[in-house]
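Visitor: Could you take me through the sheet in this one, strand by strand, and then show me what sits on it and around it?

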Amino acid sequence: MTEYNNENRGVLYRNGNKTSDNHPDYSGSVNVDGTDFWLSGWIKESKKDGKKFFSLSIKPKNDTKPVNKPIKAVEPDDFDQDIPF
């Protein structure tokens, strides 16, 4: 039996853990030319004609960027200053 080829295919599942409007309504994964991506989808409604549509976002699965930007430590100008008390 031959192995199933998932290249250039994907899947979305309803997000049962959605706790905020910012969370996607659907999430899953997709493969594009051999590269795997996370796929997120939101159901939105057009302000122009009221028709519903999907807004989609993809992110590489091997993306190692931090979700939140790290806070840069601020160093004092001079540690040798006298403390006035």
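Guide: Let's start with a definition: two strands pair if DSSP finds at least two bridges between them. Strands themselves are DSSP runs (E, at least two residues), numbered from the N terminus. Keep in mind that this is a predicted model, where local features need pLDDT of at least 70, side-chain atom pairs count only at pLDDT 80 or more, and totals for chains, interfaces and linings use all residues. Residues are numbered from 1 along each chain as its sequence is written, and side-chain values use heavy atoms, with hydrogens and water left out.

Now the sheet: 4 strands make it up, open and antiparallel, in the order S1-S2-S3-S4. Strand S1 (10–14) and strand S4 (52–60) are at the edges with a single partner strand each, so one side of each has no neighbour in the sheet. S3 and S4 run antiparallel and are joined by 9 bridges; among the residues involved, Phe37 has Pro60 in S4 as its bridge partner.

Strand S3 covers residues 35–45 and holds Ile43. Ile43 counts as partly exposed because its relative accessibility is 40% (buried is under 20% relative accessible area, exposed over 50%, partly exposed in between; 1.4 Å probe, protein chains only).

Lys18 and Asp25 form a salt bridge, with their closest N and O atoms 2.5 Å apart. Lys18 is partly exposed at 31% relative accessibility, whereas Asp25 is buried at 16%.

How values were computed: Salt bridge = Lys/Arg side-chain N within 4 Å of Asp/Glu carboxyl O.
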